[in-house]
Amino acid sequence: DILRSFCVLAIKKFGLSFYSSIKNETLNDYLLKSIFEVNQKKIIDNKSVAVNIIKENFKDFNKHNLIFNQFKNTELDSQNPLNIDLLSNLLFNMKVSDRDLSWTEYIRSNNFVRDNEYKKFLNGFEVACKSKTKFKTDKVHLAAKKTMWFLTSTNREFRDLSTRALYYYGQKYPDKFLELVLYSLSINDPYVWERTLAAMYGVVMAKHSTDDNFKKLFLPRIALTIFESIFKKEAPFSTTHILARDYASKTIEIGLLHHNDLLKPEEVLLTTAPFTIGGNRNPNEFDHEKEEGIFSEPISMDFSNYTIGRIVEGGHSYSDPPEKKKVRRQIYARIYELGWNEAEFNDIDGRIRSQGYRSRTEQAHTERYGKKYSWIAYFEIAGLRIDNKLIEDNWDRFRFSDADIDPSFPERAKNKK
């Protein structure tokens, strides 16, 4: 406490100009903490220096948890340069696997210690979005960005609560949520934008027939933005991810219901099945059976046999026709492209598996990172196989089998006494 207080006083008196001369690691960490604690005006006056100090320290992976812990002091302060926007920029520039080993592991580990704190935050955010109060600060929008970053999590309940909170945020602030959805599409983790698109679809379902202002002003803007982002030729965020694409397509469908002149007829065709463009239409393959040095399996046995079998004709149970082997090789390739590797993930995935063991018919509370990347690959390959007519046309049965959330978030009926 004495050293921490000294660092705060030193920054108040001398600013941050002396920081670069600090060579002692312990003192450096205390000064790093102090930057988040000093008067806001001092940070604003030294904004570029303060931000650069955080960025430079963030290059050291071992300092990530220390830095994440400090943001709770400033993350929702719109006037502070060290708010969630800075943290978001740091996370945005990371590879998927590096971010999961850092940020996603941080929130997973803290779920055991701070589970109630996280749930309290999400509940408070949701309640604020449900209220009719018009907030005069940007705090709620910063909270939405923080909630968006929770979507990297492999904790099912946490992802669902975060998605639902964003659903209510989108109803209250459809224009700001559209900005957030567009931002999320540029994030390299499909776990994030799959759920922001789901939440947006839910918002549109909830508002299009009950809110004339939304229908006239926001709905066409939402539909057109999603079209230009995902479906038009050369769209920057096109994908074969079958769930995300379906949420986006259905959102546009509702937009066209009320604004049938929003798109040209040939553009409308680009938003509906069968899709012939967009996403990776020639996925790589990785022959895990022949590759040497692979000692751990990111794909579980049940996933390899039962789950993959659902998108391969004749691939049921433990049958293993050539097409099923091909799909398995494509999924392995995508998993490794996302950054999974035995050296960094094997021990972590092993701990998650042992902590959250479930029977075959139950879903683990928290899933392995290998399972996360397996699901991403699976839904991307499934979309491509639907496009290529390699899965029977009974899409509704397939979708309800594998979609893991209802984006309309129906309220439970209250018992009448």
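Okay, a definition to start: a residue is buried when its relative accessible area is under 20%, exposed when over 50%, and partly exposed in between, using a 1.4 Å probe and protein chains only. With that, buried residues make up 52% of the 417 residues in this protein chain.

Some ground rules. This is a predicted model, where local features need pLDDT of at least 70 and side-chain atom pairs count only at pLDDT 80 or more, while totals for chains, interfaces and linings use all residues. Residues are numbered from 1 along each chain as its sequence is written, and side-chain values use heavy atoms, with hydrogens and water left out.

The chain has 19 helices and 0 strands; those are DSSP runs, H or I of at least four residues for helices and E of at least two for strands, numbered from the N terminus.

Let's look at one helix pair. The axes of α11 (residues 190-207) and α13 (residues 242-258) come within 9 Å and cross at roughly 25°. Axes here are lines fitted to C-alpha atoms over the stretch in contact, with angles from 0 to 180 degrees between N-to-C directions. So α11 is roughly parallel to α13, the word for angles under 35 degrees. Contact means heavy atoms within 4.5 Å, and the residues making it include W193 and Y201 of α11 and Y247 and I254 of α13.

Now, what surrounds F275? F275 sits in the loop between α14 (265-269) and α15 (301-309), and is buried, at a relative accessible area of 10%. Leaving aside neighbours within four places in sequence, F275 is in contact with F231, R245, L270, R281 and D387.

Conventions: Angles under 35 degrees count as roughly parallel, over 145 as roughly antiparallel, 65 to 115 as roughly perpendicular and the rest as oblique.
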